[in-house]
Amino acid sequence: MELLSGGDIIVRALRDAGVNFVWGYPGGAALHIYDAIFRQDDVHHLLVRHEQAAVHAADGFSRATGQVGTALVTSGPGATNAITGIATAYMDSIPLVVISGQVPLTKIGQDAFQETDMVGVSRPIVKHSFLVTRAEDIAATIAKAYYIASTGRPGPVVVDIPKDVTDPNYKVAYRFPDKVVMRSYQPSSRGHKGQIKRAAKVLLDAKRPVIYAGGGVIIDNASEHLRELVRLLNYPVTNTLMGLGAYPGSDPLFVGMLGMHGTYEANAAMHDADVIFAVGARFDDRVTNDLEKFCPRATIIHIDVDPTSVSKNIEAHIPIVGTCSAVLREMVSIIKQAPQSPDSVAIDAWWTQINQWRAEHGIYTQPRYEPSAGNLIKPQDVIKMLYEVTEGKAYVTSDVGQHQMFAAQYYLFDQPRQWINSGGLGTMGFGLPAAMGVQLAFPDAHVACVTGEGSIQMCIQELSTCTQHQLPIKIINLNNAALGMVRQWQDMNYSSRYAESLYEDSLPDFVALAEAYGHVGMRIEHIDELAPKMRECFALKDRVVFMDICVDRAEHVYPMQVPGGSMRELWLNKSEKT
Amino acid sequence: MKRIISVLMENEAGALSRVVGLFSQRGYNIDTLTVAPTDDETLSRLTLTTGGDDRMIEQIVKQLHKLIDTVKVIELSEGAHIERELMIVKIKASTSDMRAELKRCSDIFRGHIIDVTAATYTIQLVGDSDKLDAFIGALVDVGTMEVVRSGVVGISRGDKFLHV
Ligand SMILES: Cc1ncc(C[n+]2csc(CCOP(=O)(O)OP(=O)(O)O)c2C)c(N)n1
Ligand SMILES: [Mg+2]
């Protein structure tokens, strides 16, 4: 058997775990590992400019490909900088392995230089973590880390490795396990057959059903099964913010996103439903609004791979613990063989009702905002233009704020993994590094980062990373010269007292900034410039283009659920409520 | 109502902190917690008591299960079970009247006097938590100097047993 040092074992084990790319940033405790990376060609390292971005980039890569993302950081500040990235992945159940250097075992606990208890600091935001104390354990631990990260409900796993464990002078036999078996962790689950049968019956009996699909469908690659089920049933489908693309956004059976900024028709349908078929969704507070008023007449079927998600916020009448793909597949085959078919009279009447809601207040049946004119560019129109120019086929990453909600509402995602945003943690700064990860995975695809002038400045340094690794992403900056979402809440709840949400006079010249990093900058101030400039932007295949688009500063995101109300109680614009 | 949950865990570094962290992170209370290796040294057994309604206990059990190091979880208080707690009490016992009274009281509760000085008695008592509470109650007038309790351990009654 080959004898290798701990540092070499790490890199070899990454290779054997199927890793091609590692995003990271070096430092003292990780230098043996970095030297091992230097001496081989199988695993490619991409240097970022801040460890938060390394984790977000690995995360974006994972969301776009379904593979586990990998990041490597040093101890102390390197590790703590990674924390926001890890928490972001944790909240959205994204499989990552984050390897952190640690001070030598002999120094642990002594407040050594750059010592942070990484396992302790990250504990509440990881699926699992390891502190490796022997070079002999590295390969098996890395194999376990990838296995745990990617199975069951996925999530980030931290592997903390003290520097002396990677000592180049201490060599041990290398063996990467063919298979990981853990008596304490046996995730895969196909769902209880009897429960699935019961659920199928309830679904077929339904008069006013809604299929409510979340990010779990995307993570588990179950989108095809969902589509097949919907084809059989002809029922309305809504997706969560995390689930956009699980069911095609441009399909007539799709009633739009639900929740706080969801469509009227999706929220009203949920409220009036007699059966809610929740799959890979977790009844988040940004979806349900007031739990007491949530969907009063619905029988709830809830499919989730994580038993703790089921009946956590909303009691499920028919809980099914299993992977979305396995349960949906089984459900499709049961429904295909069932003697009964859906109640077409009731379902037709239900569609008539839903179409009436669409006509009354739907954002897709007609624009519900004042149109763009002259120097007043509406952010919604920018997203619609992005959709048109990229023919609905771009990967769109986003940051957090109004721009994120406009992108979610107006870019109709037809494919899973096309829409990449921080839904659970809501991390400003996610968009740009996530876009780097996507572009690395798909060098020829259009990758657009829809952002705001606030969010983009949280990881702006990564423009340099894009230069170094030739990642020609397109930045669509909806510049409203404000922390727009904060300002919207201040308009609605604080009599327009804009506490610390304005900074107009101190914003940078984004065009000059982009150029300083070697990229193309564009500033768009007039609606007539938007189409030609956007086309020009996406025609520049090999360049990063920063489109700084001055949008209406007063615009709000609507619909918006009225706090403390039921799902269907919405503000439709600044003065009208349902 | 007091609920007793028993967990078999991999005897790994950090496993206990994950359990404790889970409780604080999710806003659950831990009333007592004991942990020690089992006859199989790769496993630890952890017993904790907590309060809460059925829904909360169900969540706690599920969340404990979800921890990667957890091998088995059961709620002992759901079925017939035996629970025991150990208590050691140090009490002022300086006069012969006091000593006689404490000895009587200790005997009634099947306690043992395990240390004696000119001024104190140290009494050991084993039982379920209610019994230990009752003993403390009986001593209010005397006044205890120091009370140490081990927290609850428990096991199912009958043929049922918790194993890998
Ligand atoms: C790291 C972080 N800090 C603070 C917030 C709170 N927050 C949510 S949206 C928002 C404003 C975002 O401004 P901008 O990026 O310009 O987007 P806009 O809403 O203007 O489109 C803030 C501060 C957050 N989500 N993330
Ligand atoms: Mg803004």
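Contact here means heavy atoms within 4.5 Å. The structure shown in these views is a predicted model.

**View 1. Overall fold of chain B.** Chain B contains four helices and nine strands. Read from the N terminus, its elements follow the order β-α-β-β-α-β-β-α-β-β-α-β-β. Among contacts in chain B between residues at least 6 apart in sequence, 72% join residues at least 24 apart. The C-alpha trace of chain B spans about 55 × 35 × 35 Å along its principal axes.

**View 2. The two domains of chain B.** The domain assignment divides chain B into domain 1 (2-79) and domain 2 (82-153). The C-alpha centres of domain 1 of chain B and domain 2 of chain B are 29 Å apart. Contact between them involves seven residues of domain 1 of chain B and six residues of domain 2 of chain B.

View 3. Of the 164 residues of chain B, 41% count as buried.

View 4. B:Ser96 belongs to helix H3 (residues 96-108) of chain B. Its relative accessibility is 60%, so B:Ser96 counts as exposed, the cut-off for exposed being over 50%. B:Leu86 lies ten residues from B:Ser96 along the chain, and the C-alpha atoms of the two residues are separated by 27 Å.

**View 5. The largest nonpolar core.** This core has 102 residues, and those with the most contacts inside it are A:Leu226, A:Phe277, A:Ile476 and A:Met534. Helix H12 (residues 324-337) of chain A supplies the largest share of the core, seven residues. The core lies between domain 2 (193-361) and domain 3 (379-557) of chain A, because both domains give residues to it.

View 6. With residues up to four places away in sequence not counted, A:Phe277 touches A:Leu203, A:Val210, A:Ile211, A:Tyr212, A:Leu229, A:Ile301, A:Ile303, A:Leu328 and A:Met331.

How values were computed:
Residues are numbered from 1 along each chain as its sequence is written. Chains are lettered from A and ligands numbered from 1 in the order in which they are written. This is a predicted model: local features need pLDDT of at least 70, side-chain atom pairs count only at pLDDT 80 or more; totals for chains, interfaces and linings use all residues. Side-chain values use heavy atoms; hydrogens and water are left out. A nonpolar core is a set of buried Ala, Val, Leu, Ile, Met, Phe, Trp, Tyr and Cys residues joined through side-chain atoms within 4.5 Å. Buried means under 20% relative accessible area, exposed over 50%, partly exposed in between (1.4 Å probe, protein chains only). Helices (H or I, at least four residues) and strands (E, at least two) are DSSP runs, numbered from the N terminus. Domain bounds come from an automatic or database domain assignment.
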